[in-house]
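Me: I have a protein model to go through. Can we take it by question and answer?

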Amino acid sequence: MTAGPPSPDRPLRIGTRGSPLALAQAHETRDRLMAAHGLPEAAFEIVIVSVMGDRVQDRALSEIGGKGLFTKEIEDGLADGSLDIAVHSMKDMPTVLPDGLAITALLPREDVRDAFISHRHGGIAELPQGATVGSSSLRRRAQLLHRRPDLRVVEFRGNVQTRLRKLAEGVAEATFLACAGLRRLGMEHEIRSAIEPDEMLPAVAQGAIGIESRAGDGRVLGLLEPIHDRPTATRLAAERAFLAALDGSCRTPIGGLAVIEGQSLWFRGEIIRPDGSERHWTERRGALSDAAAMGTDAAAELRARGGAGFFDG
Ligand SMILES: NCc1[nH]cc(CCC(=O)O)c1CC(=O)O
């Protein structure tokens with residue numbers, strides 16, 4: 001796009017992954033932009049981009065490694081101008097973005113909690129001794145094993161629908177998904193219980209949708225301004241600073257959550273050994289304007305307490 005508002009002749013091109021959740025998030029973004037600017041649906045074009053993280057289904061994501069497994073191909077489209085904006089789950093976004101790109105808007109955050117999903121049991125405490133639980137998230141595995149070392153955790157990959165099918169097939173007795181994703185998919189009824197953050201601290205940025213665009217594209221920035229949510233931005237500033245200072249790759253079990261209480265920010269963060277054997281937790285309270293510094297400071301404390309090589313075994 002060059003100038004003027006998006007129109008059916010020159011639609012704003014919205015890049016997204018093709019999973020049902022990604023598409024729901026892209027549609028939510030489009031709907032908010034339509035409402036904010038009084039534009040017709042045809043002024044937007046949703047462009048599905050195939051990314052490595054979706055193509056590889058037979059290996060754990062932590063094994064494939066590398067950053068941006070869910071973002072690279074989409075970011076290439078922003079950089080070469082074939083896309084105008086990209087919609088992402090902020091939970092999946094690396095803390096460092098390619099030169100020239102930035103998160104330029106955040107939608108109001110959804111429920112941050114993890115959901116306990118099971119046909120037979122109501123919550124973690126009800127799981128029988130030695131029960132099998134499916135999860136592909138290193139954080140959820142580590143948090144669960146810390147609390148319940150008796151449980152057997154098996155790899156559970158694939159999108160929300162695939163995981164629910166594995167559960168129905170009896171591959172595991174329970175699994176976990178983000179409440180936010182289930183809500184956005186209209187699948188709230190799958191949530192057996194929502195796990196409070198003091199029981200299972202969510203992933204950094206869980207429940208937040210971010211919009212990425214070219215940092216210097218003033219026209220797109222103007223379009224995004226009315227749909228940007230400042231409280232979400234403040235919370236993510238603390239959480240993502242925490243993650244960045246811990247050098248969080250997908251191999252590191254880390255939880256982090258900031259909430260706004262009146263004029264102050266309450267941040268909680270933790271690091272856990274992948275096998276759940278050791279956990280370090282901390283919290284900070286401070287001014288909203290100190291959000292990023294609080295996250296960085298909390299990370300420095302946990303790094304020192306965990307010691308060198310904490311994440312290795
Ligand atoms: N890593 C996959 C992913 N990325 C974002 C969500 C859920 C939606 C969100 O947290 O915003 C999920 C699935 C899940 O954890 O259940």
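Me: Which residues is Trp266 in contact with, leaving aside its neighbours within four places in sequence?
Reply: This is a predicted model, and in it Trp266 lies in strand β12. Its C-alpha atom is separated by 5.9 Å from that of Arg284, 18 residues apart along the chain. With sequence neighbours within four places left aside, the contacts of Trp266 are Ala258, Val259, Glu261, Glu283 and Arg285.

Me: Is Trp266 buried, exposed or partly exposed?
Reply: A residue is buried if 20 or more other C-beta atoms lie within 10 Å of its own, and exposed if 12 or fewer do. Trp266 has 16 C-beta neighbours inside 10 Å, so Trp266 counts as partly exposed.

Me: What does Thr296 count as, buried, exposed or partly exposed?
Reply: Thr296 lies in helix α10, residues 291-306. Its count is 16 C-beta neighbours inside 10 Å. Buried needs 20 or more and exposed needs 12 or fewer, so Thr296 is partly exposed.

Me: How far apart in space are Thr296 and Ala244, C-alpha to C-alpha?
Reply: Leaving aside neighbours within four places in sequence, Thr296 is in contact with Ala241 and Ala245. Thr296 and Ala244 are 52 residues apart in sequence, but C-alpha to C-alpha the distance is 7.9 Å.

Me: What covers the buried residues of α9?
Reply: The buried residues of α9 include Arg235, Leu236, Ala238, Glu239 and Phe242. After α9 comes Asp247, with a positive phi near 55°. The cover over the buried residues includes β4, β11, β12 and α10.

Me: Which residue follows α1 with a positive phi?
Reply: Helix α1 covers residues 20-37 and reaches 26 Å from its first C-alpha to its last, close to the 26 Å expected. The residue that follows α1 has a positive phi near 60°, and that residue is Gly38.

Me: Is Ala205 buried or exposed?
Reply: Ala205 is found in the loop between β9 and β10. Although not a glycine, Ala205 has a positive phi of about 70°. There are 28 other C-beta atoms within 10 Å of Ala205, so Ala205 is buried.

Me: From which domains does the shell around the ligand draw at least three residues each?
Reply: The ligand is surrounded by Ser89, Lys91, Asp92, Leu177, Ala178, Ala180, Gly181, Gln206 and Gly207. The elements that give two or more residues to this shell are β8 and α7. By class, the shell has 3 nonpolar, 4 polar and 2 charged residues. At least three residues come from each of domain 1 and domain 2.

Notes. Residues numbered from 1 in each chain as written. Predicted model: local features only at pLDDT ≥ 70, side-chain atom pairs only at ≥ 80, totals over all residues. Near = placed C-beta within 6 Å. Helix = DSSP H or I, 4+ residues; strand = E, 2+ residues; numbered from the N terminus. Nonpolar A, V, L, I, M, F, W, Y, C, P; charged D, E, K, R; others polar. Domains from an automatic or database assignment. Expected span 1.5 Å × (residues − 1). Contact = placed C-beta atoms within 7 Å.
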